[in-house]
Amino acid sequence: AAAYDRLAERGSGGNSSRLDTSLADKADELSRRGVEVFDDAQAMFAAMKGRCDAVYIATGIGTHAPLTIAAAESGYHVHLEKPPAATVQEIDEMLDALRRAERMCLVGFQAVHALEVRWLSEQIASERLGRVRTISCVAGWPRAASYYSRNHWAGKLKADGTWVLDGPATNALMHYINLMLLWAGAAEGELAEPQSVRAELYAAGPVESHDTACIEIRTRGGSTAYFLASHCTQDAFGPDIRIEGERGQAQWRAGAGAVVSCDDGTTSRRDCDPHMHKRMVVNFVRAVQVGDPAVLRYDLATSRKVILALDGAHESSRKIHRIGAGHVRRLDDGTDEARTVVAGLDELLRRSADEKCLPSDLPDAPAWTVSTDTFDLSGYGRFPARFSATGANGAKDG
C-alpha cells in the first residue's frame with residue numbers, strides 16, 4: 001500500500017512535482033498489477049483486518065510513531081524500519097500502545113541478524129576477550145545533493161513540526177552505534193545501557209541537522225564506545241568497528257566480516273553474511289506465526305537504548321555546530337552530485353578513533369572543533385532538555 005497522495009502534498013523542496021509524478025505513477029502501476037492502493041493508513045488498516053497479521057512501516061522518520069501506534073491499536077504486529085523514532089518519548093508512547101494491544105514490533109536493524117555479528121556476540125559473551133573496555137567505529141560516507149533532495153526531511157532537525165534529527169548518527173550509520181552497544185552488553189543479544197554521552201555534532205553542508213558526528217558513550221557496564229562518522233569526507237571508508245578487551249581484540253568491517261584475536265595467540269574469523277535481510281524477515285514472520293515476542297532478536301524496547309544515547313548526544317552538543325566556510329569546499333557544485341568536503345576530516349576521524357577520543361580532545365584539534373560537556377542520562381525521558389534547534393544556522397563559524 002502506498003500513501004502517495006499525502007506524501008506528494010508534503011513535497012520534497014524543489015522536487016515536489018517530480019515526487020508527485022513518481023508516486024502517482026508507481027501507485028497506478030501497482031493498481032494495474034492487482035495491488036490494493038490506499039491514500040490513508042487508517043483506511044488500509046480497516047480494510048485489511050482479518051486478512052493479514054502484520055504491517056511493514058518504511059516511511060519518513062516523523063511518521064513512525066503515529067503509524068506504529070495506529071497499527072497496534074488496529075490489531076497488527078509491526079516490522080518497523082530504522083530509526084524507530086527520533087525521541088525517547090515517542091519510543092515510550094509506541095511501547096505503551098504495543099503493550100495495551102498485545103502486539104509485537106521488530107525494528108529493522110538487519111545487521112544484528114547476520115551470522116558473523118551473532119558469532120562475535122557469542123565470543124564476547126563467553127568472555128574470550130575478557131571484559132570489553134572500548135569500542136570504536138569510524139566511517140566516511142560521502143553524500144551528494146541528491147541524497148538530501150530525495151524527500152522533505154533529509155538533513156532536517158524537524159519536519160512537519162515533528163523531530164526527525166536526520167543525520168549520519170541517527171539514520172544512515174545508526175546501525176553501527178547499535179552494534180557497538182550490542183557488543184558492549186553484558187549478555188549475548190542484550191544492548192549495554194548508556195550512562196552518559198559526550199558529543200560533538202557538526203554541520204558543514206547545506207543541512208539543518210548534523211552531517212558529522214563524534215560521540216562518546218559511557219555504559220553502565222563500564223565500556224566506552226566512540227563513534228566518528230561523517231557525510232563530508234573526501235573518500236568513502238568503513239564502517240570499521242574495533243573492540244578492545246582485557247584479553248584480546250576484535251574487528252568487524254562492513255562487507256568483510258569479523259576477526260577475533262586473543263592475547264594467547266589464537267585468531268578466528270567469520271565472513272560477512274550476505275543473507276542478513278532475509279534472516280531478519282524470517283525472524284519476524286516466525287515470531288508472528290508462533291505469537292511469541294521472545295522469538296524476536298531485536299524489538300522496539302531494545303532500540304530505546306540507542307535512541308537514548310542519540311538524544312543524549314544532542315543534549316551534550318547543545319546545538320549543531322557549524323563548520324566555517326574556510327574549512328570546506330564544494331565538489332561538482334550546481335549538480336545533483338554536489339557535495340561538501342571538510343579539509344582533513346578523513347584523517348581526523350581516523351585519528352580520533354585510534355586515540356579513543358573526540359576531535360576537540362586532540363592536541364592539534366582544528367579551529368572549528370568545539371569541546372562539549374558530558375550529559376548524564378540518569379532519569380532522562382524527554383527530548384529536548386537543553387538542545388537548541390537553531391544551532392546549525394546560528395552557530396559561530398569555526
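How close do the axes of H4 and H5 come, and at what angle do they cross? They come within 8 Å and cross at roughly 5°. That makes H4 roughly parallel to H5, since angles under 35 degrees count as roughly parallel. One thing to keep in mind from the start: this is a predicted model.

**The H4 and H5 pair**

Let's look at who does the touching. From H4, the contact uses His64, Ala65, Thr68, Ile69, Ala72 and Glu73. On the H5 side, the residues are Glu90, Glu93, Met94, Ala97, Leu98, Arg100 and Ala101. Sorted by class, that gives seven nonpolar, two polar and four charged residues.

Two of those names, Glu73 and Arg100, turn up again as a salt bridge, with N to O at 3.7 Å. Arg100 sits in helix H5 and Glu73 in helix H4 (residues 64–73), so this pair ties together parts that are 27 residues apart in sequence. Both ends face outward: Arg100 is exposed because its relative accessible area is 60%, over the 50% mark, and Glu73 is exposed too, at 54%.

Thr87 is found in the loop between strand S2 (77–80) and helix H5 (88–101). Is Thr87 buried or exposed? Its relative accessibility is 1%, so Thr87 counts as buried, the limit being under 20%. The side chain of Thr87 makes a polar contact of 2.9 Å with the side chain of Glu90, and Glu90 is also one of the H5 residues in the contact with H4. If you skip the neighbours within four places in sequence, Thr87 touches Trp163, Ile307, Asp311 and Phe383.

Now for another packed pair. Helix H6 (residues 115–125) and helix H8 (residues 174–183) have axes that come within 10 Å and cross at roughly 30°. H6 and H8 are therefore roughly parallel to each other. H6 brings Val117, Leu120, Ser121 and Ile124 to the contact, while H8 brings Leu179, Leu182 and Trp183. The class count here is six nonpolar, one polar and no charged residues, against the four charged residues in the contact of H4 with H5.

**Salt bridges**

How many salt bridges does a search of the whole structure find? The search gives 15. Here are three of them, with the separation of the N and O atoms:

| Pair | N and O separation |
|---|---|
| Glu29 and Arg33 | 3.6 Å |
| Glu36 and Arg51 | 2.4 Å |
| Arg100 and Glu73 | 3.7 Å |

Take Glu36 and Arg51, whose closest N and O atoms are 2.4 Å apart. This pair links distant parts of the chain, 15 residues apart. Glu36 is in the loop between helix H2 (16–32) and helix H3 (41–48), and Arg51 is in the loop between H3 and strand S1 (54–57). Glu36 is partly exposed, with a relative accessible area of 37%.

In the Glu29 and Arg33 bridge, the two ends fall into separate accessibility classes. Glu29 is partly exposed at 29% relative accessible area, whereas Arg33 is exposed at 62%.

Finally, there is a salt-bridge network to check on screen: Arg198, Glu216, Arg218 and Asp361 are linked in it.

Note on methods: Residues are numbered from 1 along each chain as its sequence is written. This is a predicted model: local features need pLDDT of at least 70, side-chain atom pairs count only at pLDDT 80 or more; totals for chains, interfaces and linings use all residues. Side-chain values use heavy atoms; hydrogens and water are left out. Axes are lines fitted to C-alpha atoms, for helices over the stretch in contact, and angles run from 0 to 180 degrees between N-to-C directions. Helices (H or I, at least four residues) and strands (E, at least two) are DSSP runs, numbered from the N terminus. Angles under 35 degrees count as roughly parallel, over 145 as roughly antiparallel, 65 to 115 as roughly perpendicular and the rest as oblique. Contact means heavy atoms within 4.5 Å. Ala, Val, Leu, Ile, Met, Phe, Trp, Tyr, Cys and Pro count as nonpolar, Asp, Glu, Lys and Arg as charged, and the others, Gly among them, as polar. Buried means under 20% relative accessible area, exposed over 50%, partly exposed in between (1.4 Å probe, protein chains only). A polar contact is a pair of N or O atoms within 3.5 Å; within protein, one must be able to donate a hydrogen and the other to accept it, and residues adjacent in sequence count only if both atoms are side-chain atoms. A salt bridge is a side-chain nitrogen of Lys or Arg within 4 Å of a carboxyl oxygen of Asp or Glu.
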